Amino acid sequence: MSRDLVPAAELLAPRGDDPVVHPGVSIAAMTERVCSIALRERAYLWWWIAFVPCLALSMLLVASIAYLFYAGIGIWGVNWPVMWGFAILSYVWWIAIASGGTIISALFFLVGAEWRSSINRVAESMMLFGAVAAGVYPILHLGRPWLFYWLFFYPNTMTLSAQFRSPLLWDFWALYTYVFASILFWYFGLIPDLATARDRAATPWRRRIYGMFAAGFRGSSAEWRHMRAAYGVMAAIMAPVVVSIHSIVGLDFAGAATPGWHATQFPPFFVCGALLSGFAIVLLLIIPLRRLLGLEDMMTGRHLDVLCRLLLTSSLCLGYAYLMDAFTTYYGGDRAERGIFLGRVIGGDWPVYWGTLVLNIGLPQLLWVRRLRVNPPAIVCICLGVVVGMWLERYEIVVTSLERPSVPSAWGFYHGTLWDWATLLGTIGMFLAGILLSVRFVPIVSMHEMRTLIAAHAARGAASKAAA
Amino acid sequence: MTGLLAGFESPEALRAALERFAQSEWAGTVETYTPMPPDDYASEASAGAASSADGGPVPAQRDPAPGSPLPLAMFVAGMLGFVAFFLLMTHADVQAYPLDIGGRPRFAWPAFVPIAFELGVLCAMAAGFFGYFLVSRLPRLYEPIDECASFRAAMSDRWFLAIRCTDAARLADARSLLRALEPATLEEIPA
Amino acid sequence: MAAIFDPAANLYVKVAILIGVALTLIAVLFWWAWPRTDYARHVRTVVAQPVPFSHQHHVAGLGLDCRFCHSSVEVSANAGLPPTTTCMTCHSQIWTNAALLAPVRRSLAKDEPLTWRRVTDLPDYVYFNHSIHIAKGVGCASCHGEIASMPLTYKAQPLTMEFCLDCHRDPGPGLRPARAIYDTEWHRTGSTPSAAALLAHYHVPDRNLTDCSLCHR
Amino acid sequence: MSGPGGRIWRRLEAAAADPGFVSRAAREFPALSSLPEEPLDRRQALKLMAAAIVWGGVTGCDSNFGQDLIPAVRVPPNIVPALPNFYATAHVLDGFANGVVVKHSMGRPLQVEGNVRHPSSLGATDAFAQALPLDFYDPDREAEIDRRGRPADWPTLEGALARERDRLASGHGAGLRILTGSVTSPTLLARLDALLDQYPEARWVRWDPISRGAVAAGAAMAYGRPLDTVARLENTDVLLAIDGDLLCTAPGRLRYARDLAGRRNPSRSAAMSRIYALESTPTLLGSVADHRFIAAPAEIERIVAALAAGIAGPEAAGSRPPGSGGSGSRAGAAGLPAWVGPVLADLRSARDRALVHAGAMQPPPIHALAHAMNEALGGRGTTFDLIEPVARLSRESADTLPALVADMHAGKVDTLLMIDSNPVLTAPGVMGFRAGLERVRFSLALAERRDETAQASGWFVPLAHQWECWSDARGHDGTATILQPQSLPLYGGVSAPEMLQRLSSAAHIPGDEIVRATWLHPPNAAAMGSGWLAALAEGVVQGSARPAVHDRLRETPRAPAADLGGAPVAADTLSVLFRADPALWDGRFANNPWLQELPRPLTKLVWDNPLLIAPRLAERMRLENGDCVRLAVGTASVIAPVWILPGQSPSCITALLGSGRGAAGAVGDAAGVDYYPLTGIAGPVSVQKVAGRVELASTVRHHGLLAPPDEVLRHGTLRDFHADPRFAADRSAAPELYRTVPPGPAKWAMSIDLNACIGCNACVLACQAENNVPVVGKREVLREREMHWIRVDRYFEGDADAPTSFFQPVLCMHCEQAPCENVCPVGATVHDSEGLNVMVYNRCVGTRFCSNNCPYKVRRFNFFAYAHEQKRPPESWNPDVTVRARGVMEKCSYCIQRIAAARIDADRESRPVGEVVTACQAACPTRAITFGNLADGASEVAARKQSPLTFAMLPAQNTHPRTTYEALVRNPNPALEGGS
């Protein structure tokens, strides 16, 4: 793998003021390096080491789903009154992760952030597989999953249709729209790079396969023009979609009369959460990838710095949401609401609540420190914390609210069963397996955008030289 | 032989070549193949196509706004999707089987908005995606130009200029013009 | 020869796309059409019965009233199936040793019930009540078809929820004068009272006849 | 459980030590072990899925096209397909009858309702009667006669009986013993008399595990001969209940509950009665009392003596009077609690409108004192009547179980006939009944199941279920009912009279002949005024009630105080109180899953019977719910879990009998602990903590003292009520965004009177029987998945040692603005035009959002295919109600099947729909539940909704529930306010 012109030391010590792409990186070199990852004959050893366990976990997911359909929803920990458990909260968690990816790839495309180019493919893969992981749950979660299609508009002899007042139905549609849109968006941005892969692939079969997916894209001006036009609009659509989906997920709760859920701030609150976990996961992905794939000169300290700043910002927004949560509970003066909140803070569920606060709000504050923002180990720790914290937050929202309904006699208690955990781990495995596969077979950096970026930088460089 | 394919090392070289063709009185279709979205200068440079009535040389026209029907198509599709599904839901709840749901109004239009929005989006995305393949006439797995060995670099780091015309004489002129530009590669596009 | 695909590839792709589109359309169409087919609904399907009982012969031919055998139709949810003794009231006198009726005689002799096969059936979560429909002027034929002309009994209507709703949304046209309720050949004529008149006559209640709770409990 | 979650929850337990009520509640949750997760049911879910998806449009229709339709060969009389039949009979428990009417469907007895004509029932039923159908269809009932465990047949038995008859004839019945429970049945008594006349040497021993012997003995002390007391609570202004059992175990409990409740709602009854309860362990009567005084068993005796002295004068109590005035101060001075004075005053001022009642578990002297007080107060004829004992006593007072067992050991018994009695299980362990039984040459057990006794005795003969045979029985006031069989024997059993008859002669007389013989000949022929058929149809023999007797109190009562154990026992000496299990009685219902899973009124425990201990005792011994202790009485001891019960006296432990059986059947075996080995022992009681915990399944998951929040349950005192009758009502209506009132011709609604509810659970079981509510088993209850459509919430308020308790039946409120409906994505729960919140099972996909959104949490979910998993013959389900499948939500439907039936009947005749009675309402002994059509102004529910006490649960939710409550009003003694 060529590391032309870039002194290693500089790469290993990322700095916040790094350029988004190192001047030494030429278009040819970039193309060569990125393609060499996807097109190499046999995968890296580390890839196999990472992939095998993920595959195993995916199998576990398949197994637990099969058993769920066979045995029934009762194998989960859900009960009366806690009718929703791991399925819903993990679903929300995954959606948040996926949404973060979309924000990076779509929103920052619209605002033309340079640093996005090299990581947006990672972000989009994350969006795709995050959405898929989330997409697993809504159907599993049904008591009679084989009737899931009753939530669609479909022709039936009962003259019945779904019940459109239910936030859960909005959510159902939002999710599957989002999954579908993500796939299109991901693939669409991928076409030129697939064409590159097609043209550079060594073996005829790879050529053919990449050729199929590249659908005969050749880079003619017309193809580029339409692509830019369409991609721009798609991005402009994806941005609001991602906001909508997470708002609607928020409405699943805000739209209910259930104490602990019945808060108007949920939609924006959930979007903040989505951002937070999204940035965290992107960082968790690019930090190892840039090292393992030698992409330090395209995913530079600048990227880490920017993402960490964003992480910090969204964490602060979330902090505000938590604050308002406490305030409205106090100010609303509803007995049940207060009871639930008390239960979270000092009750049996205190570890969840305080864990959420520490991991989502406390930990990211470290990123005020400039040095930490470019310190991969530190960032990884913080991000892991945030990812767990976000899961805990959903646990707190979904479970602890349901454990203490308005009628004390119905108070209940919840804990996940082995099958709950198996399903959750399974989806994690599936997600990572997906990412790894995309690393293996798909150009993991959006080459055509990188070219534009490099060319622009070169031009700027030349201009500044001329000026000097 | 249906044309010529000249590969250049850099976008600048390609630009220069296009300029050159624009100034020349050579008339014919000039198409560019680039590994990254070309900026405006490279768009639809079709020289002589714009030659003046007196046949005198004119500078190549810059297509002022390189247009694409897709944005409009997506917008329309989205709107149609939104309206269609909104109406469908209204029909289902108000007409097909009106039910008393928690004492809420039958025509609960605010509740219809989210789904209508999502489905509108779905339509727009689909329109953009499939529309793209329509307008750019893809998938086209084979084109004669693929036969050129050098063309394989088109999506990597070569900036190509393809000339398409069958008239041997004008082809010869083009060839000489291109030669003068010293392209990295120069090939003939087979039939 | 540097091209990856040969010229024919373009054609293949186009064909593939067309086939894909076609299949999708067909699938959707099937999904819509299948439940509405008589086959799926078992309409006009004759089921083998232990005794090839002919309604045509007994009703049209001999002029037996429906209630002679289906005796509880006016008072109960179930119309009721005739016990063997009902058959034997006549068949102890006529056709006393017809081979066809052997099962019936055996049933009485051995005190083993006859086992008929369901022809008209609703799912278990639908609670249909014969008596109220009879009381409100819905004729047997409305659901069971022209039984009197069936040599072998078959299901005459799809009996989908849509089928029930058609009537429940607009009962009037389905009603008939009291005397015609058990007449499966009856058809509206000019002299038939209007739908509105019948509704009034039977005091078809002002309650919402499309309440889920009316049939599903 | 593994993973981070696991760690979190372990920390939770540690953290729960924190103060603050929430964390206390958290500690009280069941332990956090993860349960085995194998499913209950394997109903080809996958196949279903495939099918359902492929035939999407059809979804299940035509499911059984071409399946069998089987008409009868000959139609039985009076049976119209799909129409119910009703036949009167009675439910007999420990000899006493409660009149019931059995609902038949296509000839199958399916459900039980009270018989309005029966004085002990007045149309109500208790949980036991409601559970009869499952008892009747119980597949564990035995069909085979067997001999020493090996199948035998009638001829063999006939032969053996013949030999016995010869032998007995020669010896005048020497060595013949007959063991039964209490008997009120004239027929059975006639047979017994005949037998005892035929064999003079024979002995009849009568014995019940839940003995009422003390009542008779007490009466004998007071009046010189045993007499039964019939309380007249409708006339009782002040009731002092000493360990009262009027509402739980006393014969006539249903009648008493009704009479009591009739005086408890100030908005309806002119003068509200006042109830004092003096008890060591909480009873239903104590829970609804205005004042509950908790005292150690030993103290009770002292206090009663003092009260008696205060009322009936010193000689009655035979002890030093605490001052004739019995004023609080002096009572206190006498080492008595301060409340004695005011209560005395109250009783005295009420004079003949006051009643003192002592529970059957109290020793005879207490009863004697109670009689003395009642006579002194002069309530005879007003608040109570005395009648001849309804249950026949043994001929000789010597014929007791101990004597019998002694004879058995002594080898004096060689023929033992045990009729519907299970002494091997229930006889006090020390007696060694089983050992004695082995020494009996010919022992025959007549029982429904091969229970412990049946297995230990020589012969076992299946006893016909009370729905399978002719017999008769008397109610608490002596009113007789003739029980006609509701069906032919499912398992070929014989009835008790038939068995006795076979022992006396070879001739086989069918059961109906025997019963007829009793009733159509003197002395009863006269009583058969209205005739045999009428008696059968009405379910009561008119005029067969026992007349009041006019015995006078003994002039010189032997001083009962002498028997009262004299000096007060030190408070810290423990004693054990053995009580009938509220659901299993003496254990005879142990194989009935409905009753096993019936939340016990105060603990809400199911499938278990831990020792009930006082909070203070638990604190002292550092015991938590479920911790195991070794309870030793004298030499015997058992290891059992404990349950902390607020209101229990710290100086006694309550053990509920009837669980932990070894031969109950598939359902009842090994549920709970058997305490019979500890009974009948006078030794010292000791408890020590031992290792081990038992997961106890309670349907209330927190045991912190949780005062019912005001918006859930409202209550006040009579003074509040007089100050402002509408003290509980909602003053201001909240603003509306939407408001739709269902337009239908009828408006179904319910009103529940909290003043009447005694938490007896009859409604819960009635609902379960009517609506095919499945049983889920202990493990699933531990996982918080019970399915009851109506639950009776229990709250404690105040001091854990002497809390106030509240009962509140909660079922679907049928909100007009139902929150559950607009969150269902498929419209499986919607409103109908008559205001019912309808649950369409076949439309439900099981998102469970409706339950999350239900403020009252009345929705239940089939996490597994509970109904199909239940071992229960298909024909025992109610055919009018869908049996719910896996993954489907369900809830109270206001008995929509009954509404539909009424609606159809009305429409058929084109008249407005008539009265509809829900199952819970029909069963309720106190008429706490009223259901009906609000649109009909004359309906009772319309009237009750007008009560000033009416309030809606969680009004702030703006759900406009059709179910409302009447606030609970208590009538404390002003002189004791703040105290008690």
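The exercises below, each with a worked solution, concern a predicted model.

**Exercise 1. Describe chain D as a whole: how many helices and strands are there, and what share of its residues count as buried?**

Solution. 
- Start with secondary structure: chain D has 32 helices and 39 strands.
- Next take burial: 64% of the 980 residues of chain D count as buried.
- Last, look at sequence separation. Among contacts in chain D between residues at least 6 apart in sequence, 74% join residues at least 24 apart.

**Exercise 2. Characterise the interface of chain B and chain D: how many residues are in contact, and how many salt bridges does the rule find?**

Solution. 
- Count the residues: seven of chain B are in contact with ten of chain D.
- Take the area. The size of an interface is often given as the accessible area lost when the parts come together. For chain B and chain D about 810 Å² is buried between them, with 57% of it on carbon and sulfur atoms.
- Sort the chain B side by class: three nonpolar, two polar and two charged residues touch chain D.

**Exercise 3. Work through the salt bridges: which residue pairs with Arg74(D), and where do the two lie?**

Solution. 
- Side chains of opposite charge can pair when their charged atoms come close. Over all chains the structure holds 87 salt bridges.
- The partner of Arg74(D) is Asp111(C), with the closest N and O atoms 3.4 Å apart.
- This pair crosses between chains: Arg74(D) lies in the loop between β1 (68-69) and β2 (84-93) of chain D, and Asp111(C) in the loop between α6 and β1 (116-117) of chain C.
- Arg74(D) has 45% relative accessibility, so it counts as partly exposed. Asp111(C), at 46%, is also partly exposed.
- Compare a pair within chain C: Arg118(C) and Asp121(C) meet at 3.6 Å, N to O. Arg118(C) is partly exposed because its relative accessibility is 24%, whereas Asp121(C) is buried at 3%.
- In chain D, Lys412(D) bridges to Asp407(D) with 3.9 Å between the closest N and O atoms. Lys412(D) is exposed at 52%; Asp407(D) is buried at 16%.
- Finally, a network of salt bridges links Arg218(A), Arg140(B), Glu143(B), Asp146(B) and Arg164(B).

**Exercise 4. Examine two helices, α8 of chain D and α5 of chain C: which of their residues are buried?**

Solution. 
- Helix α8(D) covers residues 213-223, and eight of its eleven residues are buried.
- Those residues are Ala214(D), Val215(D), Ala216(D), Gly218(D), Ala219(D), Met221(D), Ala222(D) and Tyr223(D).
- Their cover includes α15 (364-377) and β14 (384-387) of chain D.
- Just after the helix, Gly224(D) takes a positive phi of about 85°.
- In α5(C), residues 84-91, the buried residues are Thr84(C), Thr86(C), Met88(C) and His91(C). They pack against α3 (55-61), α4 (66-69) and α6 (102-110) of chain C.

**Exercise 5. Inspect the backbone: which residues does the cis peptide bond of chain A join?**

Solution. 
- Most residues other than glycine have a negative phi, and most peptide bonds are trans.
- In chain A, a cis bond joins Trp80(A) and Pro81(A), with omega about 15°. Pro81(A) sits in the loop between α3 (45-71) and α4 (86-110).
- In chain B, a cis bond joins Leu138(B) and Pro139(B), with omega about -5°. Pro139(B) is in the loop between α3 (109-135) and β3 (159-164).
- Arg137(B) is found in the loop between α3 and β3 of chain B. Its phi is positive, near 50°, and the residue is exposed at 58%.
- Asn761(D) has a positive phi of about 80° and lies in the loop between β29 (748-753) and α26 (762-770) of chain D. Asn761(D) is buried, at 3%.

Key. Residues are numbered from 1 along each chain as its sequence is written. Chains are lettered from A and ligands numbered from 1 in the order in which they are written. This is a predicted model: local features need pLDDT of at least 70, side-chain atom pairs count only at pLDDT 80 or more; totals for chains, interfaces and linings use all residues. Side-chain values use heavy atoms; hydrogens and water are left out. Contact means heavy atoms within 4.5 Å. Buried area is the accessible area (1.4 Å probe) that two parts lose on being put together, summed over both. Ala, Val, Leu, Ile, Met, Phe, Trp, Tyr, Cys and Pro count as nonpolar, Asp, Glu, Lys and Arg as charged, and the others, Gly among them, as polar. Buried means under 20% relative accessible area, exposed over 50%, partly exposed in between (1.4 Å probe, protein chains only). Helices (H or I, at least four residues) and strands (E, at least two) are DSSP runs, numbered from the N terminus. A salt bridge is a side-chain nitrogen of Lys or Arg within 4 Å of a carboxyl oxygen of Asp or Glu.
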